[in-house]
Amino acid sequence: MTNKQEALEDELKYQKRLNAITNRIHSAKDTNDILLELHGDLLGFFDADRLTIYLVDRAKREIYSKVKTGDEVNEIRVPINYGSLAGFCALSGKLLNIQDVYNNDELKRFDSRLKFDKVWDQRTGYRTKQVLVAPVPYNRYLLGVVQLVNKKGGERFSQSDQSSVLDIAKVLGIAFYKNHTAAQKARPTKFDFLIRNNILTDKVLAEAIYRAKKTRKSVESVLMSDFDVSKDNIGKSLANHFKTRFIPYDDKIPIPGELIKNLKVRFLRNNVFVPLSQSEGKVTVTMENPNDLYARDAISRVIQAKEVEYCVSLREDIFEMIAMFFGVKEQDILNSSGGIEEILGQLEVVEDDEDEGLDGMSEDDSAIVQLVNKTIIDAYNRNASDIHVEPRQGKANVVIRLRIDGACRVYQTIPHTYKRAIISRIKIMSDLDISERRKPQDGKIKFKKFAPLDIELRVATIPTAGQNEDVVMRLLAAGDPIPLDKMGMSQRTYDTLVSLISQPYGIALVVGPTGSGKTTTLHAILGYINKPETKIWTAEDPVEITQEGLRQVQVQPKIGFGFATAMRAFLRADPDVIMVGEMRDQETVSTGIEASLTGHLVFSTLHTNSAPETITRLLDMGMDPFNFADALLGVLAQRLVRTLCKDCKEQYHPAKEEFDLLVRAYSGDFDALGFEYNDDFTLFKAKGCPKCSNTGYRGRTGIYELLEGSDKMKLLIQKKALMEELRAQAFKDGMNSLLQDGIRKVCLGVTDFSQVRKVCIR
């Protein structure tokens, strides 16, 4: 065979291979799947190392990888501009054949503005050299780009390669257009959003549907568990298809007691819907399929409303909402045990005929008992600090709110006819007078007497307008002390505090408003100094945190055993350290100062706004300034701020104006914090995710200011100096204000400035 014949034979084989590839693309029903099967053949045909086929995203003016080899990154997206070879090809519609992409002179032959995007090589460690890039057209439209990388032999891609890639690109253009047209004509499904945005392929969706049928699960749950599709993306797809809101399960959703009181769990599960809220005659219902006319007809029969908003949720999420609202488990539902379903079902509407003395049920009725117990248990499980029971005016429903991480959230609503019965039940549990509705009362609930949960609640009842009574219950859950070095103090504050509490005698105070964490800090301090050789007595109301080695006493003001009485008793019991829960009156303060001057270390709390203000408050109470100055070790003021959720907080580079605002608000030596404005300076902001109930915040941390009882400070106290002078001296002694400590935590990414501003002024 002559050389000419061999060349013709090779060309014929080459053409057959090319025809085989183009024919398979042309005849494929699903171009996405055939390309996944063919990418190996395409690489072999061109003797190339890597292949990427891009599609155009016109909305973002980008091209993104539809098919690619190499698994260093999941997806490649590049802008349609001069900044990359593929982006330039999509912009100009020109074929590029480059011998060395790092040779700028070679790139400039095509266009002086053309650049090679080195980011992908740097990110993956892969070295790109030869590149062949061709546009994928259909008529006058550019649909994508084909890019071949690195000829196996190291030479430039040949003229035959150029011709062949243009032929293949032309066939791909027809196939992409055909697929797009077929998709537009096809019946829309609730997963079209996922297909259109390349989150999954038709083949993957078909496999998920098969597995869902086999396992009797929903397709959505299979996509999330087996194919790593996020709930957020599935929610977007469902909302896009049904043209309504997507509502995921959230354990912080308020229980709509008024809406579900006459509904049965099995009925809701069988029709896969649950009502969520009611506002101004409009009821919000979430369903698995808002287009299900049969289910909507069932809803209209049981929910009487002027307007119903039909939203969409996952089936599993709806079942979780039902279980949460009715206080039952999955197995309980299957066994027809209604749990709170039965409680709410018993709360039938009773018209009270304007008689404020008539209750829908008595306080001893089992439904009311179970309802109050469940509210307390749910509050404990949600880490709530307080429960607010709020009867409204007239025939408006009773609203129950929970305070979680410092913010109140609606828990559930109860028909107005049972407000007296609920309040009376709480009073009975607290040993309060149920007949007294005209003045406030205080009491306690030892909850383990009523349910298998060992917690105490501090109860306060307050008369409100319309002959109503509000109840606020503070949960006092027993717990272990937090180590002092885990309290989030600055190094200066921590070192100074440790030095103060290591003294053999004197008085140290922790101050702040109610709920600012004073007791937690005191127990952290006691935990630090709690040694076998130290005798520590505590007087508390109530004893919330227990520590081995402490002798803890519960005061009983009703029988005359208050803080001052307890302290005098401690002085006869050989103490080294005395902790008093609160200095409420002059007698307690005087006794504490006397104890500190007779060789004892005394700790207590006070309700004041700042450390310097505490000194003037105590002097105004009549304390002897000389004795007080001698006794004082220091005053620690604190607040609790909400912390950003660690799972979703977003890092960002703030504008110079925002940085300057922090510096101005700090009003001190900001440079000492070690932060300066440059390109590397970043802050964090709230975003929201399921773990933080889409608030962007989860948990709280303390901010502190510590006034030290220095010699100069003691001299000012003896002179009864003004608070401004005390404050100025405290700063000279090294104190950072609450606001300054808050700004430090903003710069550290723990919280944001809006949360700091909510709890402190300056």
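The model is predicted, so local features need pLDDT of at least 70 and side-chain atom pairs count only at pLDDT 80 or more, while totals for chains, interfaces and linings use all residues. Residues are numbered from 1 along each chain as its sequence is written, and side-chain values use heavy atoms, with hydrogens and water left out.

**The chain overall**

- The chain has 29 helices and 24 strands; these are DSSP runs (helices H or I, at least four residues; strands E, at least two), numbered from the N terminus.
- Of its 762 residues, 50% count as buried (buried is under 20% relative accessible area, exposed is over 50%, partly exposed is in between, with a 1.4 Å probe and protein chains only).
- Take the contacts (heavy atoms within 4.5 Å) between residues at least 6 apart in sequence: 64% of them join residues at least 24 apart.

**Around strand E8**

- Strand E8 (residues 282-287) has five of its six residues buried, so it is largely enclosed by the rest of the structure.
- On one side, E8 pairs with strand E7 (residues 273-279) in the antiparallel sense over six bridges; two strands pair if DSSP finds at least two bridges between them.
- Within that pairing, Ser-277 stands opposite Thr-284, and Pro-275 has Val-285 as its bridge partner.
- E7 and E8 make a hairpin with two residues between them, and Glu-280 in the turn has a positive phi of about 50°.
- E8 also pairs with strand E9 (residues 307-312), this time in the parallel sense, again over six bridges. Here Lys-282 has Glu-307 in E9 as its bridge partner.

**Aromatic rings**

- There are 11 aromatic pairs in the structure. Rings of Phe, Tyr and Trp (its six-membered ring) pair if their centres lie within 6.5 Å; planes under 30 degrees apart count as stacked, over 60 as edge-to-face and the rest as tilted.
- One of these joins Phe-659 and Tyr-677, with ring centres 5.3 Å apart and planes at 50°, so the pair is tilted.
- That pair links distant parts of the chain: Phe-659 belongs to helix H25 (residues 656-666), while Tyr-677 is in the loop between H25 and strand E23 (683-685), 18 residues apart.
- Phe-659 is buried at 7% relative accessibility, whereas Tyr-677 is partly exposed at 28%.
- Tyr-677 pairs with Phe-681 too: the centres are 6.4 Å apart and the planes at 55°, so this pair is tilted. Phe-681 is buried, with a relative accessible area of 5%.
- One aromatic cluster takes in Phe-659, Tyr-666, Phe-670, Phe-675, Tyr-677 and Phe-681.

**Charges over rings**

- Arg-269 lies over the face of Phe-319, at 4.0 Å from the ring centre; to count, NZ of Lys or CZ of Arg must be within 6 Å of the ring centre and within 35 degrees of the ring normal.
- Lys-649 lies over the face of Phe-684, at 4.6 Å from the ring centre.

**Helix H28**

- Helix H28 (residues 738-747) is mostly covered, with 10 of its 10 residues buried. Among them are Leu-738, Asp-741, Arg-744 and Lys-745.
- Its cover includes strand E21 (632-644), H25, E23, strand E24 (697-708), helix H27 (723-732) and helix H29 (753-759).
- Just after H28, Gly-749 takes a positive phi of about 85°.

- Ala-175 is in helix H6 (residues 159-185) and is buried, with a relative accessible area of 3%. Ala-175 and Ile-25 are 150 residues apart in sequence but 6.9 Å apart in space, C-alpha to C-alpha.
- Asn-373 is in helix H17 (residues 366-381) and counts as buried at 11% relative accessibility. Leaving out residues up to four places away in sequence, Asn-373 touches Met-429, Phe-447 and Phe-450.
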